[in-house]
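The model is shown first.

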Amino acid sequence: MKCADLHIHSNYSDGTLSPEEIVEIARQNGLKAISITDHDCISSQYIVEKKYNDIEIIPGIELSSEIDNLEIHILGYFIDYKNAHLINIVNKLAKERIKRVEKIIMKLNENGIDLSMEDIELSNSIGRSHIANAMVKKGYYDNYKTAFMSFLVKDKPAYVKGYKLNYREAIKVIREAGGIPVLAHPGQVYRGLAMENLIKELKFFGLMGLEVYHPSHLREDTNKFYNLAKKHKLIITGGSDYHGKGCYSENLIGSYGIKEELLNKLIKFKSK
């Protein structure tokens with residue numbers, strides 16, 4: 001286990017556990033800090049205001065954005081989740097997510113999958129994962145992954161492109177809310193793209209960190225991103241990207257993350 005897991009999802013987006021359950025598991029695993037980084041959603045951040053004297057809870061978010069039609073995710077740490085502009089942005093994203101789900105359901109109906117909005121478990125950050133779970137619950141598929149990959153990914157019958165912030169806007173809103181913007185799981189970014197050029201572009205517009213430690217990264221990926229972070233003077237972060245049992249990312253809370261030295265650097269950077 002690491003000292004800090006800075007990439008966890010709750011049931012306010014596409015995870016299965018409540019913020020309280022996440023904190024309890026993190027405490028049991030001996031973590032000193034966590035961040036719940038729900039997709040385009042800050043509803044879980046009330047947990048920050050609860051008093052835990054044995055673990056620090058860093059306010060967080062994961063914003064979906066794109067650059068040149070390429071999807072990238074920007075994590076935000078130490079955000080002011082009561083910031084008016086941030087609240088307006090996540091409210092807009094929530095409305096766009098509902099529109100997307102409605103379009104996907106229409107396509108599923110056209111392909112013989114009988115689903116309606118009433119079958120989807122409501123969430124503050126509703127998305128394709130909730131649809132896949134509903135397909136399993138109604139007996140169309142045996143597991144989440146098969147349901148998701150059969151209909152909901154690009155070039156499949158029910159795929160609908162989601163609304164994304166421009167990468168500049170995503171970085172800007174995090175910084176305006178007092179946060180530290182970090183490029184999430186760079187190893188999942190299209191490998192044909194020149195990663196260093198992307199990092200330079202993002203840093204020019206305010207990127208401050210790079211998620212080096214992530215379950216999708218092979219050892220060589222981790223080494224590469226660590227060196228790039230050092231070269232470009234970016235904060236190094238990491239996390240398990242935990243979603244919960246039955247989700248596509250079941251890595252245990254604390255199984256990926258950062259050691260105390262890097263956590264202290266992140267905290268020190270924020271306090272400057």
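## Terms and basis

Two strands are taken to pair if DSSP finds at least two bridges between them. Helices (H or I, at least four residues) and strands (E, at least two) are DSSP runs, numbered from the N terminus.

This is a predicted model, in which local features need pLDDT of at least 70 and side-chain atom pairs count only at pLDDT 80 or more, while totals for chains, interfaces and linings use all residues. Residues are numbered from 1 along each chain as its sequence is written, and side-chain values use heavy atoms, with hydrogens and water left out.

## The sheet

An open sheet is formed by six strands in the order β6-β4-β5-β7-β8-β9, with mixed pairing. Its edge strands are β6 and β9 (235-238), each of which pairs on one side only. Strands of a sheet pair through backbone hydrogen bonds, either parallel or antiparallel.

Strand β4 (residues 60-67) is mostly covered, since seven of its eight residues are buried; buried means under 20% relative accessible area, exposed over 50%, and partly exposed in between (1.4 Å probe, protein chains only). β4 runs antiparallel to strand β5 (residues 70-77), and eight bridges join the two. Within this pairing, Glu 62 stands opposite Leu 75, and Gly 60 has Tyr 77 as its bridge partner. Two residues lie between the strands in the hairpin of β4 and β5, where Asp 68 takes a positive phi near 55°. With strand β6 (residues 165-166), β4 runs parallel and is joined by two bridges; here Glu 66 stands opposite Asn 166.

## Helix packing

Helix α2 (residues 84-110) packs against α5 at an angle of about 140°, and their axes are 8 Å apart. Axes are lines fitted to C-alpha atoms, for helices over the stretch in contact, and angles run from 0 to 180 degrees between N-to-C directions. α2 and α5 are therefore oblique to each other; angles under 35 degrees count as roughly parallel, over 145 as roughly antiparallel, 65 to 115 as roughly perpendicular and the rest as oblique. The crossing of α2 and α5 is left-handed, meaning that the near helix is turned anticlockwise from the far one by less than a right angle; clockwise would be right-handed.

α6 and helix α7 (residues 219-231) pack at about 40°, with axes 11 Å apart. This pair is likewise classed as oblique, and the crossing of α6 and α7 is right-handed.

## Surroundings of His 130

His 130 is part of helix α3 (residues 128-137) and is buried, with a relative accessible area of 8%. Two backbone atoms lie by polar atoms of the His 130 side chain: the oxygen of Ser 13 at 2.9 Å and the nitrogen of Gly 127 at 3.0 Å.

## Aromatic pairs

Five aromatic pairs are found in a search of the whole structure. In one of them, the rings of Tyr 167 and Phe 205 have centres 5.9 Å apart and planes at 85°, so the pair is edge-to-face. Rings of Phe, Tyr and Trp (its six-membered ring) pair if their centres lie within 6.5 Å; planes under 30 degrees apart count as stacked, over 60 as edge-to-face and the rest as tilted.

Tyr 167 lies in helix α5 (residues 167-176) and Phe 205 in the loop between α6 (195-204) and β8 (209-213), so the pair ties together parts that are 38 residues apart in sequence. Tyr 167 counts as buried at 5% relative accessibility, whereas Phe 205 is partly exposed at 26%. Tyr 167, Phe 204 and Phe 205 form one aromatic cluster.

Notes: Polar contact = N/O pair within 3.5 Å; in protein donor to acceptor, adjacent residues only side chain to side chain.
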